Amino acid sequence: MCGIVGYIGEKQAAPVILDGLSRLEYRGYDSAGIAVFDGEAINYKKSIGRLKVLENLTRGGLDMPGFCGIGHTRWATHGVPSNENAHPHFNQKETISVVHNGIIENYLQLKKYLEKKGYVFVSETDTEVLAHLLDYYYKGNPMEAIFRMLRRVEGSYALGILFAEHPDTLFAARKDSPLVVGQNEEGCFIASDVPAILKYTRKVTYVDNQEIVKLHASHMHFYNIDEEEIQKEPVLIDWDANAAEKAGYEHFMLKEMYEQPKTVTDTISPRIRKGDIQIEELHMSDEELAAVRKIHIVACGSAYHAGVTGKYVIERLARIPVEVDLASEFRYRDPILEEGAMVIVISQSGETADTLAALREAKKRGFQILGIVNVVGSSIAREADNVLYTWAGPEIAVATTKAYSAQLTALYLLAMKFAKVRGTVGNEEFARLLNCLERLPYQIERLLNTKEQIQKFANRYLAAKDIFFIGRGIDYAISLEGSLKLKEISYIHSEAYAAGELKHGTISLIEDGTLVTAVSTQPELYQKMVSNIVEVKARGAFVMAVTGEDNREIERAADYVVYIPETAPVFANSLAIIPLQLFGYYVAVGRGCDVDKPRNLAKSVTVE
């Protein structure tokens with residue numbers, strides 16, 4: 001969730017750190033702070049609110065000279081947003097400074113222990129415990145203090161640490177919260193995500209669990225928790241540096257929506273060869289794929305909604321039973337995993353805490369894990385048995401669009417691969433599906449070019465209090481994601497329901513003028529959806545329908561219709577979601593909301 005940036009080198013540290021933090025604003029935060037060693041002491045500044053406040057306080061970092069420092073953007077977990085609770089945190093002498101992402105689960109126990117030793121706490125945070133614990137163990141050797149501190153704490157952490165007595169060294173450590181380090185000719189960097197330092201270096205090294213890094217201006221050393229030095233290989237990041245900039249669009253979210261055709265193309269093209277699907281990174285033979293008896297899909301948020309679509313598509317094409325679980329529920333319900341089951345975990349960042357915990361739970365039981373992730377070298381990518389990358393590039397807006405589309409595409413490819421090896425789809429049908437898959441990018445682009453039509457309609461509902469989305473089968477999965485897009489960026493109460501459940505209570509919420517978005521892309525369900533539209537219309541609803549071009553009959557029931565191009569029904573989600581993304585975006589813009597950084601939300605949910 002929060003953002004960490006650290007630098008040690010030949011340049012002034014504060015401007016570099018503030019620049020890096022600005023590239024992590026998408027992660028969500030409510031306060032910010034920076035600490036820099038000026039040659040004599042560790043100076044720091046903190047502020048509540050946007051990073052701009054901190055930049056103004058420090059004149060863009062010019063008022064904080066020094067060549068070594070750490071910075072942080074905080075999303076409140078322990079304690080309200082305040083200057084006292086903002087990072088960095090210190091020992092009482094302010095000679096040790098710490099920034100931290102994650103949660104220290106035994107912090108109360110440690111806090112009581114330290115208070116008995118005479119330590120005084122000034123914040124409500126769990127992080128301050130780390131600063132005092134480091135002070136307690138520090139006898140002149142910072143590495144010894146860090147090792148002893150890490151052996152006492154329980155929970156998750158990504159840490160940046162300064163010791164005033166060691167001004168030529170920056171320290172970092174990681175467990176269950178993402179952390180990368182990088183280096184160029186002018187210095188070394190730490191960050192909680194690659195975009196923070198991509199401007200300065202394309203070679204990054206991912207810090208693994210319970211690893212500690214000692215960084216100097218010209219070199220760095222890695223250690224495991226047993227105090228043994230280890231060797232790590234950097235990864236070359238080949239993202240276009242401009243991919244993390246708005247490129248003339250008003251918001252990152254709009255830019256990323258318009259990148260969806262390329263995202264889908266990049267996810268499909270390496271895997272379709274000579275009329276067949278080849279997913280080499282699966283490292284599974286056709287015989288091994290055919291032997292899979294059941295699939296469990298585990299994810300959170302939009303990735304979970306992609307998984308719900310995946311269930312319908314895999315079951316329909318490959319005839320393999322699929323269960324879909326919210327990652328936050330999977331590990332606690334003591335799931336029954338049968339012999340021959342495969343667990344698929346989906347995460348844009350590859351660092352989602354609940355999804356990562358679910359992966360580890362399934363792996364502990366001996367089951368094969370396939371990760372569908374967007375970030376090379378992320379925790380899920382490293383810990384899964386096999387990985388299917390989505391190649392969406394960096395996604396900055398908190399509300400996902402292109403990463404969701406890439407996840408859908410990856411699931412389509414997987415479903416078709418399973419269908420081919422199991423013989424559940426004939427050659428002619430397989431070729432037709434491949435053709436539909438390859439046409440998706442052009443059809444998505446065509447829908448994006450109708451944005452003015454959606455914008456005009458969205459402007460009518462800026463004052464709406466409740467909006468409902470309904471659908472059946474795959475259309476229900478589309479409704480889940482459409483509803484989430486609207487509520488998370490516009491703050492309008494929105495719910496998605498399986499249309500067949502309307503009469504079981506939901507229809508009582510429909511009043512005169514209530515907007516109901518009816519998704520109807522499955523031809524075999526057209527008539528049933530028309531009946532559901534008539535039901536809500538009879539209670540005063542205004543209905544916007546999203547349907548296929550061949551379903552002109554729906555115009556007699558719905559008040560407003562958005563048509564999507566013809567495709568295989570199993571791929572309809574990739575098209576129907578586009579007008580729903582645009583609708584949510586333009587409602588939020590019209591209401592004056594911060595579209596890229598909605599309140600209370602973070603891009604990467606790295607704590608439970």
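## Salt bridges

In this predicted model, Glu429 and Arg432 meet through their side chains in a salt bridge, at 3.0 Å from N to O. Both belong to helix α14, where a spacing of three residues separates Glu429 and Arg432 by about one helical turn. An α-helix has 3.6 residues a turn, so residues three or four places apart point the same way. Glu429 is partly exposed, at 31% relative accessibility, and Arg432 is partly exposed too, with a relative accessible area of 38%. Elsewhere, salt bridges with shared partners connect Lys294, Glu323, Asp325, Arg333 and Glu338 in one network.

The whole structure has 31 salt bridges. One of them joins Lys294 to Glu323, with the closest N and O atoms 2.6 Å apart. Lys294 is in strand β18 (residues 294-299) and Glu323 in strand β19 (residues 322-326), so this pair ties together parts 29 residues apart in sequence. Lys294 is buried, its relative accessible area being 15%, while Glu323 is partly exposed at 29%. Lys364 and Glu361 form another salt bridge, with 3.4 Å between the closest N and O atoms. These two residues are three apart in helix α11 (residues 353-364), a separation of about one helical turn. Lys364 is exposed, with a relative accessible area of 66%, whereas Glu361 counts as buried at 16% relative accessibility.

## Helix α14

Helix α14 covers residues 427-448, and its 22 residues should span 32 Å at 1.5 Å a residue. The C-alpha atoms at its ends are 32 Å apart, in agreement with that value. The helix has a kink of about 40 degrees at Leu440, shortly before the proline Pro441.

Which residues of α14 are buried? Among them are Phe430, Leu433, Leu434, Cys436 and Leu437. Leu440 and Pro441, at the kink, are also buried, and so are Gln443, Ile444, Leu447 and Leu448.

## Aromatic pairs

Across the whole structure there are 16 aromatic pairs. In one, the ring centres of Tyr7 and Phe189 are 5.1 Å apart with the planes at 45 degrees, so the pair is tilted. Tyr7 belongs to strand β1 (residues 3-9) and Phe189 to strand β10 (residues 187-191); the pair links distant parts of the chain, 182 residues apart. Both Tyr7 and Phe189 are buried.

The pair of Tyr138 and Phe163 is likewise tilted, with ring centres 5.1 Å apart and planes at 40 degrees. Tyr138 lies in the loop between α4 (127-137) and α5 (142-152), and Phe163 in strand β7 (residues 157-163), so the contact ties together parts that are 25 residues apart in sequence. Tyr138 and Phe163 are both buried. Ring pairs also link Phe457, Tyr461, Phe542, Tyr560 and Phe583 into a cluster.

## Charges over rings

Two arginines are placed over tyrosine rings. Arg152 lies over the face of Tyr113, 5.0 Å from the ring centre. Arg552 has its charged end over the ring of Tyr563, at 4.0 Å from the centre.

## Cysteines

How many disulfides does the structure hold? The number is zero. For Cys188, the closest cysteine sulfur is in Cys68, and the 11 Å between the two sulfurs is too far for a bond; a disulfide needs the sulfur atoms within 2.5 Å. Cys188 is buried at 0% relative accessibility. Cys593 also counts as buried, with 14% relative accessibility.

Definitions and conventions: Residues numbered from 1 in each chain as written. Predicted model: local features only at pLDDT ≥ 70, side-chain atom pairs only at ≥ 80, totals over all residues. Heavy atoms only, no water. Buried < 20%, exposed > 50% of the residue type's maximum accessible area, 1.4 Å probe, protein only. Phe/Tyr/Trp six-rings, centres within 6.5 Å; stacked < 30°, edge-to-face > 60°. Helix = DSSP H or I, 4+ residues; strand = E, 2+ residues; numbered from the N terminus. Lys NZ or Arg CZ within 6 Å of the ring centre and 35° of its normal. Expected span 1.5 Å × (residues − 1). Bend = angle between axes of the 7 residues up to and from the residue. Salt bridge = Lys/Arg side-chain N within 4 Å of Asp/Glu carboxyl O.
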